[in-house]
Amino acid sequence: MRALVYHGPGQRAWEEVRDPEIIDEGDVIVRVDATTICGTDLHILAGDVPEVRPGRILGHEAVGTVDEVGDDIHRLSPGDRVLVSCISACGTCRFCREGRYGQCAEGGGGWVLGRSIDGTQAEYVRVPYADTSTYRIPDGARDEEILMLADILPTGYEVGVLAGGVRPGDVVAVVGAGPVGLSAITCARLFSPSHVVAIDLSDERLKKAREFGADVTVNDATEDAAAVIRDLTGRLGADVAIEAVGTAATFELAVKLVRPGGRIANIGVHGKPAMLHLEDQWARDITITTGLVDASSTPTLMRLAATGQLDAGRFVTHRFAMDDFEQAYDVFGDAASNGALKVVLTRQEDEADE
C-alpha cells in the first residue's frame, strides 16, 4: 500500500510501504476512505515531538471500512463503516475506567496512531483496542463531516471548553483561530457565553472566527487584546482563556487575559518552554489546565452533528485524492495564505475497486 511516511524533521514522502497486519487479538485493519492532516502533524515535522521516529506513518484521524478483525473483536465486522478516533483506549486500565482515555496506561493506548505506531495517512491502518477506539458511523452521515469528530472537535470541546469550565454568561477568550480554536469557539457556544472573543494574527482567520461564533475579534498584531478584554469586562478580564496555538507568546497572552479567579485551558502542543510569571500570578486564584484529548465526548458530538446542532462539515475547506498528499501538506502548511482549515483526502473509486 501507499502511505505518508515521516523521515525526520522537515522530511516526508507518500510512498510504498508494507500492508498492516493484525498483531493483537483486539486489532482491526481498516481501509481508510477519508483522512486529514492535523496541526500536530506539522509539529511532528517541525521536530516538536521527538518521540516520533523516522519511518513512522503519520496521521491519527480516519473514516474507513473494517477490512479484517482480530479474534477478540466483538463489536465490529468486516464491512462496517467506522470513525477511527485519534485516541486508542484499552478500556480496562485505571485511566480508561475514569474516562481519561488519552492517559491510557496500557502500552498500546492513548495517542499512539502516527506517534508510536503507524497512523492513518495511508490506504490501510491497524487500529489497536478497536472495540473501544472506533465508532460506527450513522447511516447517511458524510465521511468528511464525521472525520472532524476524530480529533479537532473533541479537543476543542474537552481540553478547551470543558476543562476551562465555560458557563452561561462567561466571557471566553480564544487565543488562536485555527481549526482547534474554531472548534473551541463552536463548542463554547453550546454553553451560552455572553461573549466569545477570538484573537489571532490573521484577518482571514478572524473572519472565519466570526462565522464560527465569535462576536468579537482581535488582530493581536495591530490591537491590544488585553485592552479589548478589559473594556469588554469592566476591567476585570475574561472568565476563561483558551490557548489554541502552542507557543510561549500565546500561552503567556492567555494567562494575561483572565480575571482573578479565571481559568486558562491550554490546548496547544508546545515544543518549547513557556514562561509562567508566578511573581505576578500567585495571588490571583487562577486555574491552569493542560491535557490530551480523551475523545470521550465523541458520541455526544456525533449526536449533535447528526441532529444538525453542530455543523462539523464547515471545517473542510480543501479536498484532495490520497495520491495528492504532498500537495495537501503544502496547502495545509501554508494556511495563512490560502485560507485552509481542514483538508480531507479521500480514497478514489478506482482504488476502492482494486
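Predicted model: local features only at pLDDT ≥ 70, side-chain atom pairs only at ≥ 80, totals over all residues.
Let me start with C90, which counts as buried because its relative accessible area is 12%, where buried means under 20% relative accessible area, exposed over 50% and partly exposed in between, computed with a 1.4 Å probe on protein chains only. The closest cysteine sulfur to that of C90 belongs to C104, at 3.6 Å, which is too far for a bond, given that a disulfide is a pair of cysteine sulfur atoms within 2.5 Å. C96 is likewise buried, at 4%, and its sulfur lies 3.7 Å from the closest cysteine sulfur, that of C93, again too far for a bond. By this rule, the count of disulfides is 0.

Residues are numbered from 1 along each chain as its sequence is written, and side-chain values use heavy atoms, with hydrogens and water left out.

Now to helix 6, residues 203-211; helices here are DSSP runs of H or I with at least four residues, strands are runs of E with at least two, and both are numbered from the N terminus. Which residues of helix 6 are buried? They are R205, L206 and A209. These residues lie on the same side of helix 6 because they cover an arc of only 100 degrees around the axis, the arc being that of the directions from the helix axis to the C-beta atoms. The face turned away from that buried side carries D203 and K207, which are exposed. At the start of helix 6, a side-chain oxygen of S202 comes to within 3.3 Å of the backbone nitrogen of E204, and just after the helix, G213 takes a positive phi of about 125 degrees.

Finally, the aromatic rings. How many aromatic pairs does a search of the whole structure find? It finds 4, where rings of Phe, Tyr and Trp (its six-membered ring) pair if their centres lie within 6.5 Å, and planes under 30 degrees apart count as stacked, over 60 as edge-to-face and the rest as tilted. One of them is the tilted pair of F325 and Y329, with 6.2 Å centre to centre and 35 degrees between the planes. Both residues lie in helix 11 (residues 325-333), 4 residues apart, about one turn of the helix. F325 counts as buried at 0% relative accessibility, and Y329 is buried at 2%. Ring pairs also link W14 with F325 and Y329 into a cluster.

Note on methods
Polar contact = N/O pair within 3.5 Å; in protein donor to acceptor, adjacent residues only side chain to side chain.
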